[in-house]
Amino acid sequence: MQEQGWKFLGAILHYEKAWKNQAAIYEKEDKYVISGLDSSGKAELHKSISKEEAEKRLRDSLKEIRKFIFGMSK
């Protein structure tokens, strides 16, 4: 993705259509996509999403990561 000019914004958790429910969000020219492997682990996942959904998924994933690493509840 980055070779094609997409900027990596972050990893996301709990995306049910992705392998092990984990994927990444990329941005290019105000377009946002979820990228990774599909839930079968055999095909590429590339789904367009809105900026709002991208921001929400990143926020939610950061909260989960903080809980895991730091034991924080917020």
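Q: How are Asp60 and Lys56 separated in helix H1?
A: Asp60 and Lys56 are four residues apart in helix H1, so about one helical turn separates them. Helices are DSSP runs of H or I with at least four residues, strands are DSSP runs of E with at least two, and both are numbered from the N terminus. This is a predicted model, in which local features need pLDDT of at least 70, side-chain atom pairs count only at pLDDT 80 or more, and totals for chains, interfaces and linings use all residues. Residues are numbered from 1 along each chain as its sequence is written, and side-chain values use heavy atoms, leaving out hydrogens and water.

Q: And what do the side chains of Asp60 and Lys56 meet in?
A: They meet in a salt bridge, with an N to O distance of 2.7 Å. The term requires a side-chain nitrogen of Lys or Arg within 4 Å of a carboxyl oxygen of Asp or Glu. In general, side chains of opposite charge can pair when their charged atoms come close.

Q: How many salt bridges does the structure hold?
A: The structure holds three. Arg57 and Glu53 form one of them at 3.1 Å, N to O, and these two residues are also four apart in helix H1. Lys67 and Glu64 form another at 3.4 Å, N to O; they are three residues apart in helix H1, and so about one helical turn separates them.

Q: Is Asp60 buried, partly exposed or exposed?
A: Asp60 is partly exposed, because its relative accessibility is 31%. Buried means under 20% relative accessible area, exposed means over 50%, and partly exposed lies in between (1.4 Å probe, protein chains only).

Q: New topic: which residues make up the largest nonpolar core?
A: It has eleven residues: Ile12, Tyr15, Ala18, Ala23, Ile25, Tyr32, Ile34, Leu45, Ile49, Ala54 and Leu58. A nonpolar core is a set of buried Ala, Val, Leu, Ile, Met, Phe, Trp, Tyr and Cys residues joined through side-chain atoms within 4.5 Å. In soluble globular proteins, nonpolar side chains tend to be buried together.

Q: What does Ala23 touch?
A: Residues up to four places away in sequence are not counted; beyond them, Ala23 touches Gly10, Ala11, Ile12, Ala18, Ile34 and Ser35 (contact means heavy atoms within 4.5 Å). Ala23 lies in strand S2 and is buried, since its relative accessible area is 10%.

Q: Where is Ser35 placed?
A: Ser35 belongs to strand S3, residues 31-37. With a relative accessible area of 11%, Ser35 is buried.

Q: In what sense do S3 and S4 pair?
A: They pair in the antiparallel sense, over six bridges; for two strands to count as paired, DSSP must find at least two bridges between them. Val33 stands opposite Ser48 in S4. Six residues lie between the strands of this hairpin, where Gly41 takes a positive phi near 80 degrees.

Q: What is phi of His14 near?
A: Phi of His14 is near 65 degrees, a positive value in a residue other than glycine. Most residues other than glycine have a negative phi. Lys20 counts as exposed, because its relative accessible area is 63%.
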